[in-house]
Amino acid sequence: SAPRAAARAYWQAREYEPAKPLYASVAAKYASDPEFLYEYGDTLARTGGAEAGLPYLQKAVAGAPDLAPARGALGRALVELEKYSEAVPHLQ
């Protein structure tokens, strides 16, 4: 969809604030897409802190355990939340 494509373009350009409402507008439609969940979770973590993105990053990794960027983002979020033992498997 156009909003998702625009959100992704902003996200890739590291323009997270304009990406956030675009991702939010299509979140229900892509709720089971691990790549979307990673991008949206990463955006939320970068704009609102690790706790904001954590649920989306966890769902992304659960849906696609081999999606390395999502695992890294989840690991970083867990470190930020001082959940070090949970973070280690995602950062290896």
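How do the axes of helix α4 and α5 cross, and within what distance do they come?

## Helices α4 and α5

In this predicted model, the axes of helix α4 (residues 50-63) and α5 come within 9 Å and cross at roughly 145°. The crossing of these two helices is left-handed. On the α4 side, the contact is made by A50, L54, L57, Q58, A60 and V61. On the α5 side, A70, R71, A73, L74, A77, L78 and E80 take part. By class, the residues of the contact of α4 with α5 divide into ten nonpolar, one polar and two charged.

## A73 and A77 in helix α5

Two of the α5 residues in this contact, A73 and A77, can be described individually. A73 lies in helix α5, which covers residues 68-80. Its relative accessible area is 4%; A73 is therefore buried, the cut-off being under 20%. Apart from neighbours within four places in sequence, A73 is in contact with Y38, D42 and L57. Of these partners, L57 belongs to α4, while Y38 and D42 belong to α3. A73 and L57 are 16 residues apart along the chain, and their C-alpha atoms are separated by 7.1 Å.

A77 is also found in helix α5. With a relative accessibility of 5%, A77 counts as buried. When neighbours within four places in sequence are left aside, its contacts are with A50, L54 and L57. Each of these partners is listed among the α4 residues that meet α5. A separate spacing relates A77 to A52: the two are 25 residues apart along the chain, with 9.4 Å between their C-alpha atoms.

## Helices α1 and α3

Helix α1 (residues 2-12) and α3 have axes that come within 11 Å and cross at roughly 50°. This angle makes α1 oblique to α3. The crossing of α1 and α3 is left-handed. The contact of α1 with α3 has three nonpolar, one polar and five charged residues. From α1, the residues involved are R4, R8 and W11. They meet E35, F36, Y38, E39, D42 and T43 in α3.

## E39 in helix α3

E39 is located in helix α3, residues 34-48. Is E39 buried or exposed? Its relative accessible area is 1%, so E39 is buried. Leaving aside neighbours within four places in sequence, E39 is in contact with R4, R8, W11 and Y23. Among these, R4, R8 and W11 are the α1 residues that meet α3. The side chain of E39 also makes a polar contact with the side chain of Y23, at 2.7 Å.

## L22 in helix α2

L22 is found in helix α2, which covers residues 16-26. Its relative accessibility is 24%, so L22 counts as partly exposed. Beyond its neighbours within four places in sequence, L22 is in contact with P3, A6, A7 and Y10.

L22 and Q58 are 36 residues apart in sequence. Their C-alpha atoms are 21 Å apart in space. Q58 is one of the α4 residues in the contact with α5.

Notes:
Residues numbered from 1 in each chain as written. Predicted model: local features only at pLDDT ≥ 70, side-chain atom pairs only at ≥ 80, totals over all residues. Heavy atoms only, no water. Helix = DSSP H or I, 4+ residues; strand = E, 2+ residues; numbered from the N terminus. Buried < 20%, exposed > 50% of the residue type's maximum accessible area, 1.4 Å probe, protein only. Contact = heavy atoms within 4.5 Å. Polar contact = N/O pair within 3.5 Å; in protein donor to acceptor, adjacent residues only side chain to side chain. Axes fitted to C-alpha atoms, helices over the stretch in contact; angles between N-to-C directions. Parallel < 35°, antiparallel > 145°, perpendicular 65-115°, else oblique. Left-handed = near helix turned anticlockwise from the far one by under 90°. Nonpolar A, V, L, I, M, F, W, Y, C, P; charged D, E, K, R; others polar.
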